[in-house]
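Please review the model displayed below. The briefing that follows is grouped by topic.

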Amino acid sequence: MKEVSFSAASIISSIEEFSQQNITELYLHDKNCIEDRQMLEKLIGKVKSCCPDLFLSLPVSPKVIDHGFVKLLDGAYCSLEIDLCPVSKNGKLLFDKKMYSSKAKILNDAGIVFGFNMDFGLMKGDTFKLFRDRLDFALSLYPNHVDFAQLEGEYSAPKPTGVFSSKDIDFARGIAFACKVFYTLGRAVPWFNPVLNPLKISPSTFLADFEEWQQCNNCSFESGFDTENVLHSEVEKMQIRFLEQKYEEKNKGQFFGVVSDLVRLNGAFSRVSESGESEVVETSYNPDDLLSPYSLNISSFADNVTQEFSSTRIFATEYGIDYKIL
């Protein structure tokens, strides 16, 4: 796999050559075009016509997202990268939740992959509480991933202020890293919110607890945990161990069988989609039930669906990923 980063203009002028150069992924970092609807439409159309199998990571402003833009993305292999940050006005940080919610709904309804880019402590007036509120809101919208440029060294470390202390910055960095590992690297988007519902805690609280767990298990930001080379199967083991602990702690252990099945079944689908190699997963419930809308309510599912121990093979076909109960 060859990964290359380009500007929009260079992609449009060179797109015909990419397939010949064995370029399989394009990461656009041209912030000049994120609100340029005409440029984005031209770029997407060019990629679809010349390199339909090319993966395109495309930064866009939420302002350009509407049903027409989503229709243009039909048939494109891409992920939209959206900055999720407040706006400073009269010394206060304002955040348009209604706008972001409506844009995320359009994307989710159309099955478009998108992620959020976030930061903490960089804008005047930011606080640890505001950061946690932003993260809670972001994860409620089912993004495929949440990225923090500060974890990659792309920004200088934020300076402590009277409302965002050095300890707050350390806590925020730990939660951001926990989110990267548990949610993004753990590919948790299909089940994260339903699994948290029975615990009755916010995503940021859950991730703060996971960050403490990481410290105790030498896989935190401070311990230098290698996120570049960790296998998804290893992150999945971490997820299951921590979730079992949290469900026991909240006296919800009777629901953990459903949770474990959901995490492992969805994880296998994700890995097969990436590798093309088949996997066999053993579950306590029928996969038809686990993959149905009923599983969105963990407690109701556990109370009303009969256990049916199953062994399921998940495999790739020319039409996508499929499964067969053995």
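In strand β3, Phe 55 is the bridge partner of Glu 25. This is a predicted model, in which local features need pLDDT of at least 70 and side-chain atom pairs count only at pLDDT 80 or more, while totals for chains, interfaces and linings use all residues. Residues are numbered from 1 along each chain as its sequence is written, and side-chain values use heavy atoms, with hydrogens and water left out.

**Parallel pair and crossover**
- Strands β2 (residues 25-28) and β3 (residues 55-59) pair in the parallel sense over 3 bridges; strands count as paired if DSSP finds at least two bridges between them.
- Helices (H or I, at least four residues) and strands (E, at least two) are DSSP runs, numbered from the N terminus.
- Together with helix α2 (residues 37-50), β2 and β3 make a right-handed β-α-β unit; right-handed means that, with the strands pointing away from the viewer, the path from the first strand over the helix to the second runs clockwise.

**Antiparallel sheet**
- An open sheet is formed by 3 strands in the order β9-β10-β11, with antiparallel pairing.
- β9 (279-283) and β11 (320-325) stand at the edges with a single partner strand each, so one side of each lacks a neighbour in the sheet.
- Neighbouring strands of this sheet are turned by 30° against each other on average, direction ignored.
- β9 is joined to β10 (residues 310-317) by 5 bridges, and Ser 310 in β10 is the bridge partner of Thr 283.
- Helix α10 (residues 256-275) packs on the sheet, touching β9, β10 and β11, and its direction makes about 170° with that of β9.
- Axes are lines fitted to C-alpha atoms, for helices over the stretch in contact, and angles run from 0 to 180 degrees between N-to-C directions.

**Helix α5**
- Buried residues (under 20% relative accessible area, 1.4 Å probe, protein chains only) of α5 include Phe 128, Phe 131, Arg 134 and Asp 136.
- Among the elements covering the buried residues of α5 are α4 (97-110), β7 (114-118), α6 (166-185) and α8 (203-216).
- Just after α5, Tyr 142 takes a positive phi of about 60°.

**Nonpolar core**
- Phe 148, Phe 206 and Leu 243 touch the most other members of the largest nonpolar core, which has 96 residues; such a core is a set of buried Ala, Val, Leu, Ile, Met, Phe, Trp, Tyr and Cys residues joined through side-chain atoms within 4.5 Å.
- α6 gives the most to this core, with 10 residues.
- Leaving aside neighbours within four places in sequence, Leu 243 is in contact (heavy atoms within 4.5 Å) with residues including Phe 182, Trp 191, Phe 206 and Phe 256.

Technical notes. Buried < 20%, exposed > 50% of the residue type's maximum accessible area, 1.4 Å probe, protein only.
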